[in-house]
Amino acid sequence: MNDNTMNRRILFALGALLALAACSPQPEVSYKVWYDWPERHLPDFSTLGEPAVQGTKWNLDLMDLDDTKNHFCALFEAPLEVKTEETYSFTLTTDDGSKLYIDDELLIENDGAHGPIEKKASKDLGKGQHRLKIEFFDFDKGQSLIFKYSTPTIPEREYNNEMLRREDKLTSRNQFVKPQVREALKRFQEWKGEDETVVFPIITDVHTAGNFTYKHVGYAATAAKMFGADFMANLGDIGLNAYPATVDSTYARFVLDKIKEGMLRYEGVWVYAPGNHDWDGGAGRWLTEEYLSAFFQKPWEAKAGGNLHLTPGKTYGYLDIPQKHFRVIFLNSESSATKGEYYYSYGDPQLEWLAGVLDQTPSDMHVLLLSHWMPHPLGIWNMVSMNPVKKEQSSKMMDFLASYKEKVNLVGLFTGDTHVNFHEVADGVNYYVSQGYGWVSPDLMIPGQKHAFFDYRQTLCIDVVAVKPATREVHTFRIGAGGADYDYAFPY
């Protein structure tokens, strides 16, 4: 090879690398932060000099900013690409003060030291690129910045252009949802044959999917329809203790509305067992058992035709599928940690209620219990921080189930929460955990148990549970993350 040929190849390789770098998406939100701002109003940013910190990020919010506990001010700028001329509606909620500019025009003025205050404004924007600018300061105590926009053709959304581009590309073409469902459906149909089964998908621990949470609830509804499910199971941790839901009940309600919208895509009945991350929406100020039950359980009562039995003021109850002689009991962990009580325990009143339900269950019915948390010791990441009262309640629950193993056709207790898949039998009772979307740090992984790591923007993580009452068999089928390697079968 002569020198000229070698040089040409080197130049070609360099050109390819430069082209690749040019095509790689880059964070579009630029930020500058100044510390030790003592005033109760926004500064004139042009007089502040060099910022203490500056950089770029994906989201137009306060996430990823270091050392911003109190008394700071920040300036954010970002492009807004408008594809079609229309009216844009903007919402800015901040604690403390802020201002929003579009193309240097002041659109929202929300200055001063205050708690979270939401302000709105609208503007007609022509096709092309526009410029967003947000001025912000924090005085003390709480801090938050939530920016959202919408148009007649764009649902309300937060700012992250790259996420939205990927989201629109993936979901508009439906490139991964139905193909991944079909793969699991084929395995289920081969196993099922002509036998009668009770079938339901589990959606659980979707909180780490962020703005994609509600989409995956809708994807699960798509799976239920394709599988011909008998019901759907939402085992909680939909993510309402994630920022900014903890400080902004308006945002928390928005998340709830979008999740419920996804659930309503399924024409059948959902059963819902709240998790620890469902109690804390709005910092526990308004999200109660009564609210969760009214929102996630009551809407399906009429659809169940008298077969869904809710407990007034509580989030535990049961669903009967009489034609298949099957009863599904759904439970909740106790109360809310924000009120100084326990996430991970079953109270005595609940166990008394459960005993009453099991005692009056017809002998020919098969019984499955669903909950968010796992009392079995293999749910170890719960047990790490458990006080003696919680541990005693866990043992009490397991002893209680063991006492009913011979009295009813007990399929087992199926839960989420632990973010791994496992199955154990203790005193003749099956304990099964569905992984869900939640990620778990390596130091909290349960030794010997399986966790599928995946990108929730391109992959589902749904366990479909199928039960054959006639032969007392359970088989789970994984849609998406891990595929057939995460299918599992056991008797009861």
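Is Arg 478 buried or exposed, and what is its relative accessibility? Arg 478 counts as buried, at 1% relative accessibility, where buried means under 20% relative accessible area, exposed over 50% and partly exposed in between, computed with a 1.4 Å probe on protein chains only.

## Basis of the model

This is a predicted model, in which local features need pLDDT of at least 70 and side-chain atom pairs count only at pLDDT 80 or more, while totals for chains, interfaces and linings use all residues. Residues are numbered from 1 along each chain as its sequence is written, and side-chain values use heavy atoms, with hydrogens and water left out.

## Salt bridges

The structure holds 12 salt bridges, a salt bridge being a side-chain nitrogen of Lys or Arg within 4 Å of a carboxyl oxygen of Asp or Glu. One of them joins the side chains of Asp 487 and Arg 187, at 2.6 Å from N to O. Because Asp 487 lies in the loop between strand S22 (473-480) and strand S23 (488-491) and Arg 187 in helix H3 (residues 177-192), the pair ties together parts that are 300 residues apart in sequence. Helices (H or I, at least four residues) and strands (E, at least two) are DSSP runs, numbered from the N terminus. Both Asp 487 and Arg 187 are buried.

## The partner of Arg 478

Arg 478 forms a salt bridge with Asp 463, and their closest N and O atoms are 2.8 Å apart. This pair links distant parts of the chain, with Arg 478 in strand S22 and Asp 463 in strand S21 (residues 461-468), 15 residues apart. Asp 463 is buried, with a relative accessible area of 1%.
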